[in-house]
Amino acid sequence: MIIETLSALAEPNRLQIVELLRVGPSPVAEICARIPLGQPQVSKHLRVLRNAGLVHVRPRGQQRFYALNAAPLRELDEWLERFRNIWGARFDQLDALLLEMQKGNVK
């Protein structure tokens, strides 16, 4: 599931759609108004996001409202957490090295 999530989010327009949906569900027309793509392209991106489990759709009358599904994003966050500790330690080492360089102890 993580690979599907990363693959879906790797495309900039799909990532932008996910960012738009953070504030709440939106109809396709509203998404189209905020992204410089036509309705067919937005619909294709929404289909990819839906197939990856990142969004779900609810029909309301003639409109279809898309909303984020948090489960794949939580799974991705849990996976990334394993790397945050490594990154944190590396940044701490870099901070220490930069301080030493500022003091003139390292060249």
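**Salt bridges and a helix contact**

Arg84 forms a salt bridge with Glu81, and the closest N and O atoms are 2.8 Å apart. Please bear in mind that this is a predicted model. Arg84 and Glu81 both belong to helix 5, residues 70-103, and because they are three residues apart there, about one helical turn separates them. Glu81 is partly exposed, at 38% relative accessibility.

Arg84 has a further partner: its side chain also meets that of Asp77 in a salt bridge, at 2.8 Å from N to O. Through shared partners, the salt bridges link Asp77, Glu81 and Arg84 into one network. As for accessibility, Arg84 is partly exposed at 32%, and Asp77 is partly exposed at 39%.

How many salt bridges are there by this rule? The count is three. One of them pairs the side chains of Glu19 and Arg22, with an N to O distance of 3.0 Å. Here Glu19 is partly exposed, with 42% relative accessibility, whereas Arg22 is exposed, with a relative accessible area of 59%.

I turn now to the packing of two helices. Helix 2, residues 12-21, packs against helix 4, residues 39-51, at an angle of about 75 degrees, and their axes are 10 Å apart. Helix 2 is therefore roughly perpendicular to helix 4. On the helix 2 side, the contact involves Asn13, Arg14, Ile17 and Val18; these meet Val42, His45, Leu46, Val48 and Leu49 of helix 4. By residue class, this contact comprises six nonpolar, two polar and one charged.

Thank you for your attention.

Note on methods:
Residues are numbered from 1 along each chain as its sequence is written. This is a predicted model: local features need pLDDT of at least 70, side-chain atom pairs count only at pLDDT 80 or more; totals for chains, interfaces and linings use all residues. Side-chain values use heavy atoms; hydrogens and water are left out. Axes are lines fitted to C-alpha atoms, for helices over the stretch in contact, and angles run from 0 to 180 degrees between N-to-C directions. Helices (H or I, at least four residues) and strands (E, at least two) are DSSP runs, numbered from the N terminus. Angles under 35 degrees count as roughly parallel, over 145 as roughly antiparallel, 65 to 115 as roughly perpendicular and the rest as oblique. Contact means heavy atoms within 4.5 Å. Ala, Val, Leu, Ile, Met, Phe, Trp, Tyr, Cys and Pro count as nonpolar, Asp, Glu, Lys and Arg as charged, and the others, Gly among them, as polar. A salt bridge is a side-chain nitrogen of Lys or Arg within 4 Å of a carboxyl oxygen of Asp or Glu. Buried means under 20% relative accessible area, exposed over 50%, partly exposed in between (1.4 Å probe, protein chains only).
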